[in-house]
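Please look over the sequence and the model before reading the points below.

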Amino acid sequence: MAKRHSSHIPLSEALSEFIKENKLQKGMDKVDAREAWVKLMGNGVNNYTTAVELRNETLFISLSSSVLREELSLGKTKIIKMINEELGKELVKKLVLR
């Protein structure tokens with residue numbers, strides 16, 4: 001059980017402490033990576049995106065368009081850099097487009 005604090009703390013600090021105490025950071029990173037993909041790629045790419053999954057340091061993207069998959073594969077390093085900048089940390093090392 002988490003410790004009780006006698007003083008008032010900001011909600012953001014309480015949430016981050018809760019995430020740390022319950023070892024939920026990996027799950028939060030998965031959600032954040034999915035949200036970053038949706039935000040950065042826009043509607044055009046998201047219409048063809050069927051699944052986004054973060055496993056270890058690899059981001060797996062499933063696409064329904066082979067043409068789009070080929071186009072995105074040309075800019076993998078740029079996409080990885082953009083996602084990591086959006087997340088604010090070096091979370092994604094490899095991008096796999098399927």
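The protein chain exposes about 7300 Å², an area computed by the Shrake-Rupley method with a 1.4 Å probe; for residues, only the protein chains shown count as cover. The model is predicted: local features need pLDDT of at least 70, side-chain atom pairs count only at pLDDT 80 or more, and totals for chains, interfaces and linings use all residues. Residues are numbered from 1 along each chain as its sequence is written, and side-chain values use heavy atoms, with hydrogens and water left out.

**Overall form**
- The C-alpha trace of the protein chain spans about 60 × 25 × 20 Å along its principal axes.
- The radius of gyration of the protein chain is 17 Å, whereas a compact globule of 98 residues would have a value near 13 Å; the radius is taken over C-alpha atoms, and the globule rule is 2.2 Å times the number of residues to the power 0.38.
- Of the 98 residues, 30% count as buried (under 20% relative accessible area, with exposed meaning over 50% and partly exposed in between; 1.4 Å probe, protein chains only).

**Secondary structure**
- The protein chain has four helices and three strands, in the order α-α-β-β-α-α-β from the N terminus.
- These elements are DSSP runs numbered from the N terminus: helices are H or I with at least four residues, and strands are E with at least two.

**Strand pairing**
- Strand β1 (residues 49–55) pairs with β2 in the antiparallel sense over six bridges; two strands pair if DSSP finds at least two bridges between them.
- Thr49 has Leu63 in β2 as its bridge partner.
- Two residues lie between the strands in the hairpin of β1 and β2, where Asn56 takes a positive phi near 55 degrees.
- β2 also pairs with strand β3 (residues 94–97), in the parallel sense over four bridges, and Ile61 stands opposite Leu97 in β3.

**Burial of strand β2**
- Strand β2 (residues 58–63) is mostly covered, with six of its six residues buried.
- Thr58, Phe60 and Ser62 point one way from β2, while Leu59, Ile61 and Leu63 point the other way.
- In a regular strand, side chains alternate between the two faces of the sheet.

**A buried aspartate**
- Asp29 is found in helix α2 (residues 25–46) and is buried, with a relative accessible area of 9%.
- Leaving aside residues up to four places away in sequence, Asp29 touches Leu54, Lys89 and Leu91, where contact means heavy atoms within 4.5 Å.
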